[in-house]
Amino acid sequence: QVQYLAARLDEYGIPYQRPVGGHALFVDADKVLSSVPKEEFPAQTLAIELYLEAGIRGCEIGYILADRDPELVKIALEALICFARRVYTNNHMDVIAAALKNVYDRRDEIKRGVKIVWETELMRHFTVKLERL
């Protein structure tokens, strides 16, 4: 299914990290939402856009997950992970691909991301509160 989704994203020209395999496909949010400044969390913004577009849940593997650790932030991927478990069908992958295409097609309109309005001291990615800018 991950290979199937990758082939669909190739059709639409959506950038992702290669090679794909295992349980996930990592969309390169910095390239998809290149107008969103890094300090406004492009991957989190992409995850929000996908949820609003088609109810797709993904998670960012990036700056919010890396928390405030400067070493983690340096190596963090600013990308979105779309889970592709065996309980999904290829039709589900088609919905993900179409939603990503729709967001990608309007990427130039998405110029702002989100800001943190509240976070826990540890592991903020589980409970952070964000505000759209």
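Counting a salt bridge wherever a side-chain nitrogen of Lys or Arg lies within 4 Å of a carboxyl oxygen of Asp or Glu, the total comes to 12 salt bridges. This is a predicted model, in which local features need pLDDT of at least 70 and side-chain atom pairs count only at pLDDT 80 or more, while totals for chains, interfaces and linings use all residues. Residues are numbered from 1 along each chain as its sequence is written, and side-chain values use heavy atoms, with hydrogens and water left out.

| Salt bridge | N to O distance |
|---|---|
| Asp30 and Lys38 | 2.9 Å |
| Arg106 and Glu53 | 3.4 Å |
| Lys101 and Asp105 | 2.6 Å |

Lys101 and Asp105 are four residues apart in helix H5 and are therefore separated by about one helical turn. Salt bridges with shared partners join Glu49, Glu53, Arg106 and Arg132 into one network. Helices (H or I, at least four residues) and strands (E, at least two) are DSSP runs, numbered from the N terminus.

Buried means under 20% relative accessible area, exposed over 50%, and partly exposed in between (1.4 Å probe, protein chains only); the buried residues of H5 include Met93, Asp94, Leu100 and Tyr104.
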